[in-house]
Amino acid sequence: FDCDIHFARTKSQPLIPYQSVIQPNSFKSQCKNFIEFYDIKWDQTEIIPSKINRIYQKDKKRSKKIYDTFIESLRKLQKFFLNNSNPNKVSFPFYKINSINNINN
C-alpha cells in the first residue's frame with residue numbers, strides 16, 4: 001500500500017496525497033464507507049485534533065498520521081479478503097453503480 005510516484009528531478013510522492021484523507025471530501029467519505037462496509041473501523045482516535053478549545057494545535061505530521069491510519073485500515077481489509085475461504089460469499093458495496101451509469105448516459 002505504500003505506493004509512491006516519482007518523476008524526473010522531483011522527490012517521491014504518495015500515490016494518494018495525504019491531504020485527500022484529511023479534508024472532508026467525497027473521496028474520504030467513500031473510502032470510509034467502503035472500509036466500514038466490512039465492519040472495519042478507520043481508527044483516528046490517537047490523532048490529536050487540530051483545534052482543542054478553539055486553540056490550534058500544531059502538528060506538522062498530522063496529515064501523514066491520518067494517512068497511515070487509512071493505510072492500516074486497508075491492510076485490515078486486505079487480510080479480511082485473503083482470509084475469506086469463499087470469495088464468492090463476499091459482498092461488495094457497488095449497489096450504486098447502476099445509478100451512476102444512468103447519470104452518465
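Trainee: What covers the buried residues of α2?

Mentor: Keep in mind that this is a predicted model. In α2, the buried residues include Ile66, Tyr67, Phe70, Leu74 and Leu77. Their cover includes β2 (13–14) and α1 (26–37).

Trainee: How far apart are the end C-alpha atoms of helix α2, and what span should its residues give?

Mentor: Helix α2 runs over residues 62–83, which is 22 residues. At 1.5 Å a residue, the helix should span 32 Å, and the distance between its end C-alpha atoms agrees, because that is also 32 Å.

Trainee: Which residues of the largest nonpolar core touch the most other members?

Mentor: That core has 14 residues. Both α1 and α2 supply at least two residues each, and α2 gives the most, with six. The members that touch the most others are Val21, Trp42, Ile66 and Phe70.

Trainee: Take Val21, then. Which residues is Val21 in contact with, leaving aside its neighbours within four places in sequence?

Mentor: Val21 is one of the core members with the most touching partners, and two others from that group, Ile66 and Phe70, are buried in α2. With the sequence neighbours set aside, the contacts of Val21 are Phe27, Lys28, Trp42, Ile66, Tyr67 and Phe70.

Trainee: How do α1 and α2 cross, left-handed or right-handed?

Mentor: Their axes come within 10 Å, at an angle of roughly 35°. The crossing is left-handed.

Trainee: And by class, which residues make up the contact of α1 with α2?

Mentor: On the α1 side you have Cys31, Phe34 and Ile35, and α2 brings Phe70, Ser73, Leu74 and Leu77. Sorted by class, that gives no charged residues, one polar and six nonpolar.

Trainee: Now the loops. Is Arg9 buried or exposed?

Mentor: Arg9 sits in the loop between β1 (4–5) and β2, and its phi is near 60°, a positive value in a residue other than glycine. Its relative accessible area is 88%, and the cut-off is over 50%, so Arg9 is exposed.

Trainee: What is the relative accessible area of Asp39?

Mentor: Asp39 is in the loop between α1 and β3 (51–52). Asp39 is not a glycine, yet its phi is positive, about 60°. Asp39 is exposed, with a relative accessible area of 74%.

Trainee: Last one: what separates the C-alpha atoms of Asp59 and Ile47?

Mentor: Asp59 is in the loop between β4 (55–56) and α2, and it is partly exposed at 23% relative accessible area. Ile47 is twelve residues away along the chain, and the C-alpha separation is 9.6 Å.

Terms used:
Residues are numbered from 1 along each chain as its sequence is written. This is a predicted model: local features need pLDDT of at least 70, side-chain atom pairs count only at pLDDT 80 or more; totals for chains, interfaces and linings use all residues. Side-chain values use heavy atoms; hydrogens and water are left out. Helices (H or I, at least four residues) and strands (E, at least two) are DSSP runs, numbered from the N terminus. The expected span of a helix is 1.5 Å times one less than its number of residues. Buried means under 20% relative accessible area, exposed over 50%, partly exposed in between (1.4 Å probe, protein chains only). Contact means heavy atoms within 4.5 Å. A nonpolar core is a set of buried Ala, Val, Leu, Ile, Met, Phe, Trp, Tyr and Cys residues joined through side-chain atoms within 4.5 Å. Axes are lines fitted to C-alpha atoms, for helices over the stretch in contact, and angles run from 0 to 180 degrees between N-to-C directions. A crossing is left-handed if the near helix is turned anticlockwise from the far one by less than a right angle, and right-handed if clockwise. Ala, Val, Leu, Ile, Met, Phe, Trp, Tyr, Cys and Pro count as nonpolar, Asp, Glu, Lys and Arg as charged, and the others, Gly among them, as polar.
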